[in-house]
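Q: Hi! Could you walk me through this one while I look at the model?
A: Happy to, here it is.
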Amino acid sequence: MTSENSAVTSASLLAGIRQARLVGIVRGNDGGAAAKAALAAMEEGFRYVEIALTTPNALEAIREVRAAAPAGCFVGAGTVLSQADVEHVAAAGAQFIVTPSLAPSISEAAGAGIPVLAGALTPSEAYEAMERGATAIKLFPASIGGPGYLKAVRDPFPDIPFIAVGGVGLGEATGYWEAGAIAVGLGGPLFGTAASGGDLADMRDRARSFLGLAAEFAAREGNGTRA
């Protein structure tokens with residue numbers, strides 16, 4: 001399982017996601033449409049996009065996006081659970097993996113040098129995922145407790161990088177950033193039905209809105225102010 005993935009290290013992925021503040025999550029019922037949606041998001045400025053393995057023909061979609069991704073953009077595989085999943089997505093060219101839970105794939109991918117955004121909800125799960133070699137924690141589903149819950153979980157673990165995922169829309173993203181999330185993960189609120197053959201133009205509009213919001217927040221942070 002050594003491949004071009006080794007060029008993307010945990011440190012470089014983490015630094016890039018901290019800067020971008022956004023991760024796209026593609027999940028649909030058409031692999032071809034999923035690839036088109038991922039590439040459209042990248043063309044608009046999203047640097048990190050994952051394609052969930054629950055999408056039909058996800059591996060082919062990952063290959064397609066990896067081959068056509070703009071410079072500086074990275075494709076990951078989501079809903080990666082098993083050792084076999086890790087092997088398959090690595091062979092397809094995925095540059096990072098994402099899990100929904102404390103799955104065996106965390107230690108498997110970490111051992112192979114593939115960065116992992118590991119799904120966790122509780123403090124114990126977050127700690128365990130980092131012990132297994134996760135690069136960052138995907139707080140999922142974040143909407144169960146909102147930004148206040150994220151802040152509470154972060155208090156005893158200030159050094160664990162958290163990405164808020166699940167029910168995060170344009171109106172919620174800033175709250176999670178302010179609570180300390182290094183990024184937010186965007187599925188339906190960004191892609192809508194685009195990964196199932198829906199309208200790409202509307203998705204591109206939403207992508208620009210999220211990118212603009214992230215840029216505004218970064219500018220405020222740089223000035224030492226918050227809304």
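A: Let's start inside: in this predicted model, the largest cavity has a volume of about 50 Å³.

Q: How many cavities of 30 Å³ or more are there?
A: The count comes to one.

Q: Which residues line the largest cavity?
A: Its lining is made up of Val23, Ile25, Glu50, Val98, Leu117, Lys138, Ile163, Val165 and Gly185. Strand 1 (22-26) and strand 7 are the elements that give two or more residues to that lining.

Q: And what does the lining of the largest cavity look like by class?
A: Six of the residues are nonpolar, one is polar and two are charged.

Q: OK, on to pockets. What volume does the largest pocket have?
A: About 210 Å³. It is lined by 18 residues, and those nearest its centre are Ile25, Arg27, Val165, Gly187 and Gly188. Ile25 and Val165 also belong to the lining of the largest cavity.

Q: Which element gives the most to the lining of the largest pocket?
A: That's helix 9, with three residues. The elements giving two or more residues are strand 1, strand 8 (183-186) and helix 9 (188-191). By class, the lining of the largest pocket has nine nonpolar, six polar and three charged residues.

Q: What about the second largest pocket, what is its volume?
A: That pocket has a volume of about 160 Å³. It has 16 lining residues, with Arg18, Arg154, Gly180, Ala181 and Ile182 closest to its centre. Helix 8 and helix 10 (200-222) are the elements that give two or more residues to this lining.

Q: How many charged residues are in the lining of the second largest pocket?
A: Seven are charged, alongside eight nonpolar and one polar.

Q: Switching to helices. Which residues of helix 7 are buried?
A: In helix 7 (residues 146-154), Gly146, Leu150 and Val153 are buried. They lie on the same side of the helix, because they cover an arc of only 80 degrees around its axis.

Q: Why would residues a few places apart point the same way?
A: An α-helix has 3.6 residues a turn, so residues three or four places apart point the same way.

Q: Nice. What do the buried residues of helix 7 pack against?
A: They pack against helix 6 (123-131), strand 6 (136-139), strand 7 (162-165) and helix 8 (173-178).

Q: Speaking of helix 8, is Thr174 there buried or exposed?
A: Thr174, which is found in helix 8, counts as buried because its relative accessibility is 18%, and the cut-off for buried is under 20%. Not counting residues up to four places away in sequence, Thr174 touches Leu213, Phe217 and Arg220.

Q: And how do helix 3 and helix 4 pack?
A: Helix 3 (residues 58-68) and helix 4 (residues 83-92) pack at an angle of about 35 degrees, and their axes are 8 Å apart. From helix 3, Leu59, Ile62 and Arg63 meet His88, Val89 and Ala92 of helix 4. Those contact residues divide into four nonpolar, one polar and one charged.

Q: I've clicked on Leu39. What is it in contact with?
A: Leaving aside neighbours within four places in sequence, Leu39 contacts Val65, Ala68 and Ala69. Leu39 is found in helix 2 (residues 31-44) and counts as buried, at 13% relative accessibility.

Q: How far is the C-alpha atom of Leu39 from that of Ala69?
A: They are separated by 6.4 Å, with the two residues 30 apart along the chain.

Q: Last topic, backbone geometry. Which residues does the cis peptide bond join?
A: Phe140 and Pro141, with omega at about -10 degrees. Pro141 sits in the loop between strand 6 and helix 7. As background, most peptide bonds are trans, and most residues other than glycine have a negative phi.

Q: What is phi for Asn57 and for Thr79?
A: Phi of Asn57 is near 60 degrees, and phi of Thr79 is near 55 degrees. Both values are positive in a residue other than glycine.

Q: Where do I find Asn57 and Thr79?
A: Asn57 is in the loop between strand 2 (48-52) and helix 3. Thr79 is in the loop between strand 3 (74-78) and helix 4.

Q: And is each one buried or exposed?
A: Asn57 counts as exposed, at 60% relative accessibility, whereas Thr79 is buried, with a relative accessible area of 18%.

Terms used. Residues numbered from 1 in each chain as written. Predicted model: local features only at pLDDT ≥ 70, side-chain atom pairs only at ≥ 80, totals over all residues. Heavy atoms only, no water. Buried < 20%, exposed > 50% of the residue type's maximum accessible area, 1.4 Å probe, protein only. Helix = DSSP H or I, 4+ residues; strand = E, 2+ residues; numbered from the N terminus. Arc of directions from axis to C-beta. Contact = heavy atoms within 4.5 Å. Axes fitted to C-alpha atoms, helices over the stretch in contact; angles between N-to-C directions. Nonpolar A, V, L, I, M, F, W, Y, C, P; charged D, E, K, R; others polar. 1 Å grid on protein atoms, 1.4 Å probe; cavity = no way out; pocket = protein on both sides within 12 Å on 5 of 7 lines; lining within 4 Å. Points joined across faces, edges and corners; volume = space filled by probe spheres on them.
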